[in-house]
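Please open the structure in your viewer and get ready to select a few residues.

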Amino acid sequence: MNPKQKLLYRTGLTFIIVSLTLWLTPFIVPFLPLDTKTKTGVISVALVVSEICFWIGVLLVGKEVAKRIRGYLNPKNWRKQPSATIKETEKESP
């Protein structure tokens, strides 16, 4: 992997990680001392930005890596062995 590809890959992973942390916003914002309209707006914007960051990350790292990450984050796969999770995500691809 050349330096440019490595930089794009790391940037893509950073976007995916940022998107995952933004998904925590709806669980934190209700406890902040803000009015209801502001809370609704912050949560909505955070979820939209999270999806945008995720798909930019997918474009940079590739479809296979994104499937693998989603397989790891799927709660039904948490008790399975890592190799089973990888095989299951490969079966889901058309």
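Select S19 and I16: a polar atom of the S19 side chain lies 2.7 Å from the backbone oxygen of I16. This is a predicted model, in which local features need pLDDT of at least 70 and side-chain atom pairs pLDDT 80 or more, while totals for chains, interfaces and linings use all residues. Residues are numbered from 1 along each chain as its sequence is written, and side-chain values use heavy atoms, leaving out hydrogens and water.

Now show the cartoon around S19, which sits in helix α1, residues 3–22 (helices are DSSP runs of H or I with at least four residues, strands runs of E with at least two, numbered from the N terminus). With a relative accessible area of 1%, S19 is buried (buried is under 20%, exposed over 50%, partly exposed in between, with a 1.4 Å probe and protein chains only).

What does S19 touch, leaving aside residues up to four places away in sequence? Select S50, C53 and F54; contact means heavy atoms within 4.5 Å.

The whole structure holds 1 aromatic pair: the ring centres of F54 and W55 are 5.3 Å apart with planes at 80°, so the pair is edge-to-face (centres of Phe, Tyr or six-membered Trp rings within 6.5 Å; planes under 30 degrees apart are stacked, over 60 edge-to-face, the rest tilted). F54 is buried at 8% relative accessible area, whereas W55 is partly exposed at 48%.

Finally, zoom out: the protein has 5 helices and 0 strands, and 23% of its 94 residues count as buried.

Technical notes. Polar contact = N/O pair within 3.5 Å; in protein donor to acceptor, adjacent residues only side chain to side chain.
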